[in-house]
Amino acid sequence: MKKYFLTIPNYPGPRQDLYLKYNSPRIKKFCDMHGFRHIEATPDKLSLPSVMVNMWNSSDDKRFARWWFCRQAIDTGMLQEGDVISYIDCDVFVAKLDLPLQTNKSFSYAIDSGNSHNTGVFSLRVNEFTRKLINVILDKERFDKLRHFNVYRENFNSHSPMCGHDQDAYYHAAGIKAHSWVPFDKLPNYGFHSNKNEFTYFELSELLENVEILPVEWNVTQLLEETGENGKRNTYDIAQTTKDRVKLRNFTGGDSSNGSNWLFQEWLNYVNN
């Protein structure tokens, strides 16, 4: 079994520099400890076909590239049956090095602090289920239809399309409702089939057999001491944890053009003391 760990650094100036200085060495250390080969791929190194580069321009979202890489790696034989590939966004800091990000099923990820089935961190094992998963996320014809399909958004008490990026494609495929103020891990079946409709691709039994939901500590997007105000938690600090338990701290890079909210240096000091 081969194990790969993918990151795709593609940020403007200051954020790219922060990633290369603080986060990249930490990720490499994590990979070395757990027997992963780290692939640090920029979009120009992904050999994306022109249709893929231009595919999602309406949302200006390039996060589909991680799924294209997985498909390309499988199609070329780089990834074979039973091999593992794990991925984290480049704004995710590895706080704890002790355990590998490696699925025990077919596909693993965490429901993050904001109560999202967050695909910015995942691990998958190449098999029939994950090949289907990759293909349904990359199905452009299907995704284009979702642009005109309204879903109920509990946090806004309104209906609108949910089709901004790859995570939305996964939500539809798994029949997950757009938002829940109740933590998904407290809902039946983690929220799978909570919004079952004509775009639900996977059977509930498939999801329960193949998807491993990791604890929130594997994708922490909110912390009282960092995102709270006046001693109160952020409204979206729904699946709560504490700083000492964090394994992966996700700084959600879209929040700051210069990466000032990327507390890589502060977290390095924290974990080294």
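Gln 16 is buried (under 20% relative accessible area, with a 1.4 Å probe and protein chains only; over 50% is exposed, in between is partly exposed), since its relative accessible area is 16%. Keep in mind that this is a predicted model, where local features need pLDDT of at least 70, side-chain atom pairs count only at pLDDT 80 or more, and totals for chains, interfaces and linings use all residues. Residues are numbered from 1 along each chain as its sequence is written, and side-chain values use heavy atoms, leaving out hydrogens and water.

**Gln 16 and helix α1**

- Gln 16 sits in helix α1, residues 13–34 (helices are DSSP runs of H or I with at least four residues, strands are E runs of at least two, both numbered from the N terminus).
- Setting aside neighbours within four places in sequence, Gln 16 is in contact (heavy atoms within 4.5 Å) with Pro 9, Asn 10 and Tyr 11.

**α1 against α9**

- Helix α1 packs with helix α9 (residues 264–272) at about 30°, their axes 10 Å apart.
- That makes α1 roughly parallel to α9 (angles under 35 degrees; over 145 is roughly antiparallel, 65 to 115 roughly perpendicular, and the rest oblique).
- On the α1 side, the contact uses Leu 18, Tyr 19, Tyr 22, Asn 23 and Arg 26, while α9 brings Phe 264, Gln 265, Leu 268, Val 271 and Asn 272.
- Sorted by class, the contact of α1 with α9 has six nonpolar, three polar and one charged residues (Ala, Val, Leu, Ile, Met, Phe, Trp, Tyr, Cys and Pro are nonpolar, Asp, Glu, Lys and Arg charged, and the others, Gly among them, polar).

**α3 and its partner α4**

- Helix α3 (residues 65–75) and helix α4 (residues 128–137) pack at an angle of about 130°, and their axes are 9 Å apart.
- α3 and α4 are therefore oblique to each other.
- From α3, Trp 67, Cys 70, Arg 71 and Ile 74 meet Arg 131, Leu 133, Ile 134, Asn 135 and Ile 137 of α4.
- α3 is mostly covered, with eight of its 11 residues buried; among them are Trp 67, Trp 68 and Phe 69.
- Just after α3, Gly 77 has a positive phi of about 90°.

**Asp 89 in its loop**

- Asp 89 is found in the loop between β3 (84–88) and β4 (92–94), and counts as buried at 13% relative accessibility.
- The side chains of Asp 89 and Tyr 87 are joined by a polar contact of 2.6 Å (a pair of N or O atoms within 3.5 Å; within protein, one must be able to donate a hydrogen and the other to accept it, and residues adjacent in sequence count only if both atoms are side-chain atoms).
- Not counting residues up to four places away in sequence, Asp 89 touches Arg 66 and Gly 120.

Conventions: Axes fitted to C-alpha atoms, helices over the stretch in contact; angles between N-to-C directions.
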